[in-house]
Amino acid sequence: MTTIAELPPGFVDKVLSAQSTFRSVMDAMARPGSVQRIVPMAGTPDTMMRGTAAIALTLFDHDTPLWLDARMSESSDVVKWLKFHTGAPVIQDSSIASFALISDGASLPALERFALGTSEYPDRSTTVIIQVESLDRGRSFELRGPGIDGVATLQATIQPADLFERLRMNETLFPRGIDLVLVADDAVVAIPRTTRVVSKGS
Amino acid sequence: MNAPAYNFAYLDEQTKRMIRRAILKAIAIPGYQVPFASREMPMPYGWGTGGVQVTAAILGPQDVLKVIDQGSDDTTNAISIRKFFAKTAGVATTTATEDATVIQTRHRIPETALHENQVLVYQVPIPEPLRFLEPRETETRRMHALAEYGLMHVKLYEDIARFGHIATAYAYPVKVNARYVMDPSPTPKFDNPKMDNCPALQLFGAGREKRIYAIPPYTQVVSLDFEDHPFEPYRFNAPCALCAAENSYLDEIVTDDKGGCMFVCSDTDFCEGRQAAGHHGSLSAAPYKEKAQEKSNG
């Protein structure tokens, strides 16, 4: 049994670390495709990356129902760490989750199973945080949309490979939709529902 | 001095998390008003409680803050908010637009073009552009859901029928990213074109009405109009009396009780910058300043 003393720590300075992490995520969301760095470090339980841990400590609390993929929810380290540091309730029903944490992209459930918001309240949708292999090498993707001056190019190695094809449902659903945050170690890229992604191949 | 009794930037961390989540959704859905649990702030509604909460949620120790009220850095509202954050967050403050990383504004967009490393935070009194046309929140929410904005065009058309032109001079409605009709806050319509394709992130906070909305950088913002009555930014047809600027938004200042008045830039930083660069208008303040200095030396 893990005691609290054995849990990886949270932020050293809760206030300023959360502020710095939030600004990185905000800049990522405001400039889709741009790679932002998360500077403050916290302890990382098991399969959780540094960036994911920092985002969790910054944005999760008792008001944000949380859905974990199989690999995350099977790890008692992750569940205990999240419970102790954020207090966010972990739920089984992904359709009412504020956030979803995905460590194994290959087993990402159909995006329709997350909250998409309603036409009246499109903000009541799940922000899906996916841990990926790399956000600086791999396939090239061309991104357009608000926040992007013309075209942005993202190089990334992502599972599932058809993630951006699946994300095309955002085009027809808008203003409802799914907002994505991709994390690779301390790098973070956001793909809000307004971003249109075209694969440029390898 | 940092008041130790308060958390950094006044708000508690749970409140900041809630506001930060609202800001992220606002950026993801440009122009959509995200409800948030607005807190009571140590200033009255109407003094920028929404903008202050947004600023408090994004501000960090490395930021440089500028606060303007109707373009001016030195009015009561601007000074109090600037001092509030200097005290509660210990951030550096400035009046120079290009040096600021966060600019909180009431009713103006600075004349100096904004750049990518800046966030513009607007104080918003009434975020709902349709509110005076339809008082029920349930109805305006459905109208936004259906993108049913005919009523707004009728309102602009009635302006034309009555006055011969679109008489809305401030809070002129815009359409963001070809979807949501949005209230740009009571900025003069002169400022509307600056919102379009702006390199800086624009955040809007309405404290009393409990809404946050956003325009991401490089996003299309179109002022509503008609083909035969296109949108026209309004400006007094005069140069600034202090710096002779021909392209800035002007305030009309009454100078006596005989109908005398002068037009000066509403953006004080822009105007002072031009005067320092050697531009002088017909009523340039420079001689007055020299006189005052001589007096204090003697």
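# Two chains in contact: questions about a predicted model

Guide: In this predicted model, the contact between the chains takes 29 residues from chain A and 30 residues from chain B. Helix 1 (residues 14-30) of chain A supplies the largest share of the side of chain A that touches chain B, namely twelve residues.

Visitor: What makes up the side of chain A that touches chain B, in terms of nonpolar, polar and charged residues?

Guide: That side divides into 14 nonpolar, ten charged and five polar residues.

Visitor: What makes strand 1 and strand 2 of chain A stand at the edges?

Guide: The open sheet has six strands in the order 1-8-7-4-3-2 (chain A), with mixed pairing. Strand 1 (36-37) and strand 2 (66-68) of chain A each have a single partner strand, so one side of each is left without a neighbour in the sheet. Helix 1 of chain A packs on this sheet, where it touches strand 1, strand 7 (179-184) and strand 8 (187-191) of chain A, and its direction makes about 40° with that of strand 8 of chain A.

Visitor: How do you know that strand 3 and strand 4 of chain A pair?

Guide: Two strands are said to pair if there are at least two bridges between them; strand 3 (residues 99-102) and strand 4 (residues 127-131) of chain A have four, in the parallel sense.

Visitor: Why does the radius of gyration of chain A agree with that of a compact globule?

Guide: For 202 residues a compact globule would have a radius of gyration near 17 Å, and chain A has 16 Å, which agrees. Of the residues of chain A, 50% count as buried.

Visitor: Which residues have the most contacts inside the largest nonpolar core?

Guide: That core has 120 residues, and those with the most contacts inside it are A:Val25, A:Ile129, A:Leu182, A:Val188, B:Ile23 and B:Ala26. Helix 1 (residues 13-28) of chain B gives the most to this core, with eight residues. Apart from it lies another core, of 13 residues, including B:Tyr249 and B:Phe270.

Visitor: What makes strand 8 of chain B mostly covered?

Guide: In strand 8 (residues 201-206) of chain B, six of the six residues are buried. B:Leu201, B:Leu203 and B:Gly205 point one way from the strand, B:Gln202, B:Phe204 and B:Ala206 point the other way, and all are buried.

Visitor: Which strands of chain B pair with strand 8 of chain B, and in what sense?

Guide: Strand 5 (residues 119-123) of chain B runs parallel to strand 8 of chain B and is joined to it by five bridges, with B:Phe204 as the bridge partner of B:Tyr122. Strand 9 (residues 211-215) of chain B pairs with strand 8 of chain B in the antiparallel sense, also over five bridges, and strands 8 and 9 of chain B form a hairpin with four residues between them, where B:Lys210 in the turn has a positive phi of about 60°.

Technical notes. Residues numbered from 1 in each chain as written. Chains lettered and ligands numbered in written order. Predicted model: local features only at pLDDT ≥ 70, side-chain atom pairs only at ≥ 80, totals over all residues. Contact = placed C-beta atoms within 7 Å. Helix = DSSP H or I, 4+ residues; strand = E, 2+ residues; numbered from the N terminus. Nonpolar A, V, L, I, M, F, W, Y, C, P; charged D, E, K, R; others polar. Axes fitted to C-alpha atoms, helices over the stretch in contact; angles between N-to-C directions. Rg over C-alpha atoms; globule rule 2.2 N^0.38 Å. Buried ≥ 20, exposed ≤ 12 C-beta atoms within 10 Å, placed from the backbone. Core = buried A, V, L, I, M, F, W, Y, C linked by C-beta atoms within 7 Å.
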